[in-house]
Amino acid sequence: GQVLIRLRKNEVKDLEQADPSSMELDEYNGMADCLYQQYTRGGFSSLFQGMSSKLVQTVGQASFIFVTYEQMLALVANVIESR
């Protein structure tokens, strides 16, 4: 929920910065209302709009951490075995 709200807030901010004169801000009465309005306007997929770049970032970061961890583990194992 927090990610959806943060992405929606950033989307509104980006649109406002692009063209402040044509900006129509939506009024929400809480998170449930925000999700409901998003769903009614754009369907289920609109709830995940803009998340692809965050997903790519998260997967890349997790992959890097996993590979680094495995390499460090192998290095420590080699050092211990060589003693």
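What pLDDT does the protein average, and how many of the residues, in percent, score at least 70?

## Confidence in the model

The average pLDDT is 78, and 69% of the residues score at least 70. Here pLDDT is the predictor's confidence in each residue, on a scale from 0 to 100. Confidence is lowest in helix 1 (residues 2-18), with a mean of 61, and highest in helix 3, at 91. Where pLDDT is low, the predicted coordinates should not be read in detail.

Residues are numbered from 1 along each chain as its sequence is written, and side-chain values use heavy atoms, leaving out hydrogens and water.

## The overall fold

Let's start with the big picture. The protein has three helices and zero strands, giving the pattern α-α-α along the sequence. Helices (H or I, at least four residues) and strands (E, at least two) are DSSP runs, numbered from the N terminus.

Of the 83 residues, 12% are buried. Buried means under 20% relative accessible area, exposed means over 50%, and partly exposed lies in between (1.4 Å probe, protein chains only). Among contacts with a separation of 6 or more, 40% join residues 24 or more positions apart; a contact means heavy atoms within 4.5 Å.

Now look at helix 2 (residues 31-42), where you will find Gln37. Gln37 is buried because its relative accessible area is 16%. Leaving aside residues up to four places away in sequence, Gln37 touches Glu27 and Tyr28.

Tyr36 is also found in helix 2. With a relative accessible area of 54%, Tyr36 is exposed. From C-alpha to C-alpha, Tyr36 and Leu47 are 9.4 Å apart in space, and they are 11 residues apart in sequence.

Next comes the loop between helix 2 and helix 3 (52-82), which holds Phe48. Gln49 has its place in the loop between helix 2 and helix 3 too. Phe48 is partly exposed, at 42% relative accessible area, and Gln49 is partly exposed as well, at 47%.

## The surface

The accessible surface of the protein comes to about 7,000 Å², and 61% of that belongs to carbon and sulfur atoms. Accessible areas come from the Shrake-Rupley method with a 1.4 Å probe; for residues, only the protein chains shown count as cover.

Conventions. This is a predicted model: local features need pLDDT of at least 70, side-chain atom pairs count only at pLDDT 80 or more; totals for chains, interfaces and linings use all residues.
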